[in-house]
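This report describes one protein chain for a reader who has not seen it before. It begins with the overall form and then turns to individual residues.

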Amino acid sequence: MIKKITKEIQKLEQQKQLKTEKRNQLDNEINVINSRLKELNNLKNQYEKLEQNTDSFFENIRNGDEK
C-alpha cells in the first residue's frame with residue numbers, strides 16, 4: 001500500500017513541476033507582450049498628442065489670418 005501511495009506522490013510531484021514550468025514560461029511570454037503593449041500604447045499616445053497639437057497650431061494660423 002505504501003508503494004502505491006509513494007508512486008502516486010511522485011506522479012503528482014512530476015505533474016506539478018511540469019505545470020509550474022509551463023506557467024513560468026507563459027508568465028515570461030506575457031511579460032514580454034505587456035512590455036511591447038506598453039511601448040506601443042505610449043507611442044500611440046505621443047502620436048495622438050502631436051497630431052492634436054499640429055491641428056491646433058494650424059487652426060490658430062487659420063483663425064489669425066481671418067482677423
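A compact globule of 67 residues would have a radius of gyration near 11 Å, whereas the protein chain has 29 Å. The model is a predicted one. Along the principal axes, the C-alpha atoms of the protein chain fill a box of roughly 95 × 15 × 5 Å. The secondary structure of the protein chain consists of 1 helix and 0 strands. Helix α1 covers residues 2-66, and Met-1 has its place in the segment before this helix.

**Surface and charge**

Of the 67 residues in the protein chain, 0% are buried.

Which residues make the nonpolar surface patch of about 470 Å²? The patch is made by Met-1, Ile-2, Ile-5 and Ile-9. Met-1 has a relative accessible area of 76% and is therefore exposed, as the cut-off for exposed is over 50%.

**Salt bridges**

A search of the whole structure finds 3 salt bridges.

| Salt bridge | N to O distance |
|---|---|
| Arg-36 and Glu-39 | 3.3 Å |
| Lys-44 and Glu-48 | 3.5 Å |
| Glu-59 and Arg-62 | 2.8 Å |

Arg-36 and Glu-39 are 3 residues apart in helix α1, so about one helical turn separates them. Arg-36 has a relative accessible area of 47% and is partly exposed. Glu-39, at 44% relative accessibility, also counts as partly exposed.

Lys-44 and Glu-48 both lie in helix α1 as well, 4 residues apart, which is about one turn of the helix. The relative accessibility of Lys-44 is 47%, and this residue counts as partly exposed. Glu-48 is partly exposed too, at 37%.

How many residues apart are Arg-62 and Glu-59 in helix α1? They are 3 residues apart, about one turn of the helix. Arg-62 is partly exposed, with a relative accessible area of 46%, and Glu-59 is partly exposed, with a relative accessible area of 36%.

Terms used. Residues numbered from 1 in each chain as written. Predicted model: local features only at pLDDT ≥ 70, side-chain atom pairs only at ≥ 80, totals over all residues. Heavy atoms only, no water. Patch = residues over 30% accessible without salt bridge, like charges linked within 9 Å, V, L, I, M, F, W, Y side chains within 5 Å. Areas by Shrake-Rupley, 256 points an atom, 1.4 Å probe, with all protein chains shown as cover. Salt bridge = Lys/Arg side-chain N within 4 Å of Asp/Glu carboxyl O. Helix = DSSP H or I, 4+ residues; strand = E, 2+ residues; numbered from the N terminus. Buried < 20%, exposed > 50% of the residue type's maximum accessible area, 1.4 Å probe, protein only. Rg over C-alpha atoms; globule rule 2.2 N^0.38 Å.
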